[in-house]
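Open the model in your viewer and keep the selection panel at hand. The stops below say what to select next and what is there.

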Amino acid sequence: MSRRKRNQKQSDETLVDIVEVRDQAQSFMDANQTYIFGGLVALVVLVGGFLAYKNFYKAPKQQEAVAQMYRAQQRFEQDSFALALTNPGGGFSGFLDIIDEYSGTPAANTAKYYAGVSYLHLGKYEAALDYLKGFSPEGEITPIMKHGAIGDAESELGNYDAAMSAYKKAVNAGDNSVLTPYYLKKMGMLHERNGNLAEAKSAYERIKADYPASPIGRDIDKYIVRVSKG
């Protein structure tokens with residue numbers, strides 16, 4: 001087989017895997033959404049409780065916003081993203097109304113993340129970026145989630161340098177046994193796409209060394225072998 005054919009075959013395999021990673025994103029989030037989005041709910045409640053002592057205006061608004069957002073969160077978890085944004089039903093507010101009507105509350109801040117991810121699933125990537133960039137994360141998990149979702153939106157738009165930057169921020173934002181290897185793999189796939197096999201191998205080997213028991217880690221050897229052949 002000629003060098004050109006070998007390079008073409010490797011390129012085709014890489015592109016297939018990039019599509020595969022993208023297609024697996026939904027099932028990954030479904031399998032881990034209770035764990036991941038539980039952090040968002042906890043963030044809303046905890047910060048809301050703190051504000052109750054600090055400000056007698058914002059505390060009632062926060063409580064009202066949390067109650068109003070309940071149905072939108074349900075719709076989100078059911079993958080009904082368009083309804084979650086604007087019309088979750090039952091007289092409850094969608095994420096966009098929460099953002100507008102309860103501006104300045106932790107619930108409105110969290111709604112920006114939900115809105116961004118909803119638009120990401122709906123294929124409206126510019127809108128996704130607007131809301132994701134407006135979200136102010138706290139704690140250990142939500143910064144990873146924010147930058148990772150931004151990376152996904154940038155990648156879908158073909159802005160691969162921006163996507164790589166966002167994935168690096170996600171990886172460096174915290175150390176989580178589920179999310180960190182997930183975005184390390186996305187970094188590796190983008191490096192492969194750009195022909196940077198040494199950087200791709202480094203990302204994959206970090207997964208193998210630091211997160212071997214993760215879902216990503218259990219399948220990472222084939223990626224290491226592939227880039228090593230290059």
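Start by selecting Phe76 and Phe81; both residues are buried. This is a predicted model, and every value on the tour is computed from it. The ring centres of Phe76 and Phe81 lie 5.4 Å apart and the planes meet at 80°, so this pair is edge-to-face.

Phe95 belongs to helix H4 and Tyr114 to helix H5 (residues 106-121), so the pair links distant parts of the chain, 19 residues apart. Phe95 and Tyr114 are both buried. With the four residues shown together, you have a cluster: ring pairs link Phe76, Phe81, Phe95 and Tyr114. Across the structure, the count of aromatic pairs comes to 10.

**The whole chain**

Zoom out and switch to a cartoon view. The chain has 11 helices and 0 strands, and from the N terminus on its elements run α-α-α-α-α-α-α-α-α-α-α. Of the 230 residues in the chain, 45% are buried.

**A loop residue**

Go to the loop between H2 and helix H3 (81-86) and select Asp79. For context, most residues other than glycine have a negative phi. Asp79 has 34% relative accessibility and therefore counts as partly exposed.

**A negative patch**

Which helix gives the largest share of the negative patch? Helix H4 (residues 95-101) does, with 3 residues. Glu64 sits in helix H2 (residues 58-77). Its relative accessibility is 42%, so Glu64 counts as partly exposed.

**Salt bridges**

Hide the surface and show the charged side chains. Side chains of opposite charge can pair when their charged atoms come close. How many salt bridges does the structure hold? There are 7, and the tour stops at some of them.

Select Glu154 and Lys133. They form a salt bridge in which the closest N and O atoms are 3.9 Å apart. Glu154 is in helix H7 (residues 142-156) and Lys133 in helix H6 (residues 125-134), so the bridge ties together parts 21 residues apart in sequence. Is Glu154 buried or exposed? With 8% relative accessibility, Glu154 counts as buried. Lys133, at 52% relative accessibility, counts as exposed.

Asp152 has a relative accessibility of 13% and so counts as buried. Lys186 is also buried, with a relative accessible area of 8%.

The closest N and O atoms of Glu205 and Lys201 are 4.0 Å apart. Glu205 is partly exposed, with a relative accessible area of 36%, and Lys201 counts as partly exposed at 28% relative accessibility.

**Last stop**

Finish in helix H11 (residues 221-229) and select Tyr223. At 1% relative accessibility, Tyr223 counts as buried, since the cut-off for buried is under 20% relative accessible area. Tyr223 and Lys185 are 38 residues apart along the chain, and their C-alpha atoms are separated by 9.3 Å.

Methods
Residues are numbered from 1 along each chain as its sequence is written. This is a predicted model: local features need pLDDT of at least 70, side-chain atom pairs count only at pLDDT 80 or more; totals for chains, interfaces and linings use all residues. Side-chain values use heavy atoms; hydrogens and water are left out. Helices (H or I, at least four residues) and strands (E, at least two) are DSSP runs, numbered from the N terminus. Buried means under 20% relative accessible area, exposed over 50%, partly exposed in between (1.4 Å probe, protein chains only). Rings of Phe, Tyr and Trp (its six-membered ring) pair if their centres lie within 6.5 Å; planes under 30 degrees apart count as stacked, over 60 as edge-to-face and the rest as tilted. A salt bridge is a side-chain nitrogen of Lys or Arg within 4 Å of a carboxyl oxygen of Asp or Glu.
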